[in-house]
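Let's take a look at how a protein wraps around a small molecule. Have the sequence and the 3D view open as you read.

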Amino acid sequence: MRMILLGPPGAGKGTQAHYLVEKYGMYHLSTGDILREAKEADSELGRQAKAYMDKGELVPDEIVIGLVREKLQDPSVRLVGFLLDGFPRTLAQAKALDELLDELDQELVAVVNLEVQPVTIVERLAKRRVCRECKASFHLEFNPPETEGICDYCGGELYQRSDDQEETILRRLNVYQQQTEPLITYYDQKGLLVNIDGERSVEEVSEAITKQLEELTDKHDCA
Ligand code: AP5
Ligand code: MG
Ligand code: ZN
């Protein structure tokens, strides 16, 4: 399976990625997770990205494209497929991805677009907690961990992301609308777009995505 999860901040991309990877076994490539790890490790990449991330701005295209290129070229990723979470986020990134997939002689199967209203986004992000180890997302009300402060999946410590402050959330939302939303039309024109109502429960969204993907892969198999 080779797919993109598109959607505004807090739409549930990371949450749904968790289920999809369990089901299909593809490589989960979250540019946000990679950049946050680099920031924590204080690596060269992390130092370059930090100022942009803390403000809720996008990290420059060249940096992110280079990172994705390196991962998708990896032979093990080529074998199992990938789920892109938080990439592409600009038209330049989408075009660079098209070129890269051409070089690798691979095609996208679907671009799943999670549709969620701004008011829901603020509600979700303000009470999100993330695992330091496996990066799983929880929500204090909607998706609480079994034990407070501890990840259900790996026992890791849960923390609040520094960009989950109201002011930064609103900036991220604005950046999404200006720079990322045009990708919906871009992928619709390529016939790859699958819109999913992301306002429902985690389980309902997950079922809706799986159903659509199954229909698509059936079609591929019949062709
Ligand atoms: P990134 O880490 O990608 O953040 P984002 O796009 O803002 O998305 P989030 O991770 O905040 O949300 P999500 O959709 O994964 O939601 P989640 O599943 O956690 O990027 C961070 C930064 O890195 C960017 O601002 C930028 O600086 C940089 N960056 C990254 N990629 C880049 C790129 N390609 N180019 C340039 N810069 C880049 O869910 C959110 C909450 O809601 C959780 O609490 C969850 O439990 C809850 N929830 C989820 N689903 C449901 C549901 N159905 N019902 C109720 N609650 C739910
Ligand atoms: Mg995420
Ligand atoms: Zn964990």
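This is a predicted model: local features need pLDDT of at least 70, side-chain atom pairs count only at pLDDT 80 or more; totals for chains, interfaces and linings use all residues.

Residues are numbered from 1 along each chain as written, chains are lettered from A and ligands numbered from 1 in written order, and side-chain values use heavy atoms, leaving out hydrogens and water.

Start with ligand 1: 35 residues surround it, each with a heavy atom within 4 Å. The closest are Thr 15, Glu 57, Arg 89, Arg 128 and Ser 137. By class, this shell has 13 nonpolar, 12 polar (Gly counts here) and 10 charged (Asp, Glu, Lys, Arg) residues. Helix 2 (31-41) is one of the suppliers, and its four residues are the largest share.

Here are some polar contacts (N or O pairs within 3.5 Å):

| Residue | Its N or O atom | Ligand 1 atom | Distance |
|---|---|---|---|
| Thr 15 | side chain | oxygen | 2.6 Å |
| Gly 86 | backbone | nitrogen | 2.9 Å |
| Arg 200 | backbone | nitrogen | 2.8 Å |

The protein covers 97% of the 1,000 Å² of accessible area (Shrake-Rupley, 1.4 Å probe) that ligand 1 has on its own.

Now for the helices, which are DSSP runs (H or I) of at least four residues. The axes of helix 4 (residues 61-73) and helix 6 (residues 91-104) come within 10 Å and cross at roughly 25 degrees. So helix 4 is roughly parallel to helix 6, a label for angles under 35 degrees.

Technical notes. A polar contact is a pair of N or O atoms within 3.5 Å; within protein, one must be able to donate a hydrogen and the other to accept it, and residues adjacent in sequence count only if both atoms are side-chain atoms. Helices (H or I, at least four residues) and strands (E, at least two) are DSSP runs, numbered from the N terminus. Axes are lines fitted to C-alpha atoms, for helices over the stretch in contact, and angles run from 0 to 180 degrees between N-to-C directions. Angles under 35 degrees count as roughly parallel, over 145 as roughly antiparallel, 65 to 115 as roughly perpendicular and the rest as oblique.
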